[in-house]
Amino acid sequence: MLKNKTRKDIFKLNNPWKPAGDQPLAISKLVGGLSSGMKKQTLLGATGTGKTFTIANVIEKYNKPTLVIAHNKTLAAQLAQEFKLFFPDSAVHYFVSYYDYYQPEAYMPASDTYIEKDASINKEIDMLRHASTQALLTRSDVIIVASVSCIYGLGSPEEYEKVNLKLEIGQKITRMTLMKSLIKIHFERTNADLTPGTFRSIGSRVEFMPVSESIMYQVEILNDTISKITKINPISLHIIKEEENIFVFPAKHFITEDNKTKKALSNIKQELEAQLKKFKKEGKLLEAERIKRRTSYDLAMIREVGYCSGIENYSRHLSGKAEGEPPETLLSYFPKTGFLTIIDESHVTLPQLQGMYAGDASRKNTLVEYGFRLPSAKDNRPLKYEEFKERIGPVIYTSATPGEQERKESEQIVEQIIRPTGLVDPETIIKPVSEKNAYKGQIQDFIMETGKTIKKGFRVLATTLTKKMAEDLVTYLKNLPAGRQVKAEYLHSDIKTMERIKILTQFRKGEFDVLVGVNLLREGLDLPEVALIGILDADKTGFLRSETALIQTIGRAARNSEGKVILYADILTNAMDHALKETTRRRNIQLAYNKKHGIIPKTISKKIKDITEEIESEHSKVVNAELKLDFELFKKVFAKEKNNKGKNESDSIKNTMLSDEERNIVVYEKIIKLKEKEMNKAVKELDFETAAILRDEIGVLKLRLEKKL
């Protein structure tokens with residue numbers, strides 16, 4: 001390991017509040033359970049009782065690396081942000097699938113349709129994944145907030161760590177050797193501006209950008225010796241620090257040493273020959289030709305450049321594992337000395353963890369049977385649930401509605417019902433769906449209730465049964481007659497990860513008033529500004545209107561003292577009945593506590609902070625900052641021109657007749673012309689960093705003009 005043995009990596013909780021309500025007892029019981037060797041515990045925490053704060057206190061006291069698993073990327077992002085606030089001096093990282101779009105490779109025999117793998121990789125999320133693994137290899141005060149992607153193959157941590165490149169002052173190395181070393185760990189050479197995982201050579205210097213952070217290293221080599229290592233801001237080119245030594249980790253997680261690669265190539269070739277014999281014996285000549293072409297091409301790519309598209313399908317051979325042996329995953333990067341696992345919203349996350357393997361195996365079996373992949377591709381898979389359990393230590397399940405599995409397996413179930421804020425579960429009302437009633441149908445009634453809530457300065461959530469219904473409702477709300485229109489947006493699984501987080505932040509800031517969703521509005525989302533939730537078609541039985549789903553959705557309004565939930569239903573289903581009884585039970589417990597302690601409920605006050613502001617690249621931040629400064633400067637110049645007399649008097653008269661919007665358009669057009677000249681000049685001078693910034697600034701300006709500012 002690369003850990004600095006002299007430093008003491010301990011969790012130190014930034015604690016502006018003291019545990020209150022049920023929190024002190026819950027913390028004491030959970031920590032006690034860990035100390036006594038309990039492997040599985042459940043924190044049954046009602047919505048708004050501060051489960052994350054309780055878990056943060058447990059992490060501090062247990063003081064071991066922690067894996068927090070959430071069931072979707074949005075919730076994982078929110079949890080990562082909360083833990084960053086609780087542990088500002090520790091390494092808190094976000095590990096989710098780096099695909100914005102992912103279509104897995106598949107074959108459908110019925111229609112003879114082959115679907116090639118198609119994916120759009122989010123470079124910023126890929127950078128965060130590398131930051132996660134590197135943190136686990138270099139320190140112990142680490143919290144990784146992950147989605148279920150943490151059980152998918154990632155590459156060996158031993159190989160990833162072994163081939164890291166150590167550079168230090170005085171080290172004997174030629175410029176060419178350094179570049180070859182970077183290529184060997186999958187860095188790519190470029191002559192343009194640097195991006196994570198790329199390098200370039202300028203004179204006696206080699207400059208590169210690691211995949212885990214947006215900074216640049218400049219290594220100067222004189223007389224085949226490293227004379228200087230400088231850490232630089234890649235945008236401003238300001239020197240951050242001069243380093244004595246640095247470790248450079250590989251640009252990809254799948255890494256194999258040369259001798260293992262040669263053996264892997266031999267094994268893949270042998271497997272190919274065996275599969276060809278099998279297909280020919282079975283009379284599957286088409287399948288034999290398919291697998292021969294695919295594998296031969298991949299072997300050539302691995303032999304020549306050390307990598308091929310879909311190399312993960314050969315992971316068993318490259319890692320030297322036996323057939324059927326589980327793959328290396330994020331869990332492999334955690335220390336063997338033990339770590340704590342938190343399974344957040346366990347009633348949803350556990351079924352996900354249990355279902356990943358079967359779905360993947362079914363798809364791979366078909367690909368292998370029809371000659372699109374070798375049988376070893378089946379070992380590129382997520383962990384089976386039993387394998388997952390073997391690789392983790394003590395677990396704490398957290399949920400407001402734990403499932404039957406958690407209840408059976410847990411050695412201790414700790415209830416946390418009391419909210420320190422005194423907030424009670426929201427008032428819940430049932431209203432008819434049909435139009436033949438005093439409410440004139442659920443949509444019209446929802447619009448009326450929404451108007452009342454918005455006037456009070458609060459926000460509104462609505463849950464529908466399908467994505468199409470969510471989109472249609474938003475369109476309808478936006479296109480109501482003048483004076484009744486509602487600013488609304490929808491949120492569902494088709495929206496990209498980073499965009500979802502931005503939408504939730506905009507919602508909290510009040511940039512729109514109504515957020516409509518299907519299933520993303522249930523577990524874990526912390527929105528204290530929400531005072532009304534409309535559950536449309538609440539009496540339609542199924543997963544989205546189950547007892548668990550209803551309790552979770554009702555809980556979204558439990559962070560506001562004026563919270564109210566309306567269930568639109570014509571009949572009282574069993575799920576509705578159970579949900580109402582449970583929320584009433586919790587409400588009565590809280591009311592009794594409030595009366596005993598003289599507490600007046602207060603809406604939670606929570607700082608609005610967008611995690612995407614931290615994930616956003618330094619490049620984007622500089623672009624936006626520069627544009628803001630330029631716009632203010634040009635506005636001042638424009639104002640001077642407007643007031644100018646003499647030669648420009650006719651222009652001044654013309655300018656005074658322009659509206660504010662027209663004047664802004666003129667300002668933008670002037671900035672674009674100036675920046676185009678500056679960009680062309682920077683290109684001629686080979687100043688690629690400046691040119692890239694100017695290019696992106698021009699793009700943003702033109703986009704704003706298209707949207708009429």
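This is a predicted model: local features need pLDDT of at least 70, side-chain atom pairs count only at pLDDT 80 or more; totals for chains, interfaces and linings use all residues.
Residues are numbered from 1 along each chain as its sequence is written. Local features need pLDDT of at least 70, side-chain atom pairs count only at pLDDT 80 or more, and totals for chains, interfaces and linings use all residues, while side-chain values use heavy atoms, without hydrogens and water.

Start with the open sheet of seven strands: select them in the order 3-8-2-17-18-1-19, where the pairing is parallel. Strands are DSSP runs of E, at least two residues, and helices are runs of H or I, at least four residues, both numbered from the N terminus; two strands pair if DSSP finds at least two bridges between them. Strand 3 and strand 19 (412-416) are the edges, each with a single partner strand, so one side of each has no neighbour in the sheet.

Next, select strand 3 with strand 8, which pair over five bridges. Valine 92 has isoleucine 143 of strand 8 as its bridge partner.

Now show the largest nonpolar core, with 35 residues, including Ile59, Phe83 and Ile396. Such a core is a set of buried Ala, Val, Leu, Ile, Met, Phe, Trp, Tyr and Cys residues joined through side-chain atoms within 4.5 Å, where buried means under 20% relative accessible area (1.4 Å probe, protein chains only). Helix 3 gives the largest share, seven residues.

Which residues are in contact with valine 145, leaving aside its neighbours within four places in sequence? Select Val68, Ala76, Leu79, Ala80, Phe83, His93, Tyr94 and Phe95; contact means heavy atoms within 4.5 Å.

Note on methods
Buried means under 20% relative accessible area, exposed over 50%, partly exposed in between (1.4 Å probe, protein chains only).
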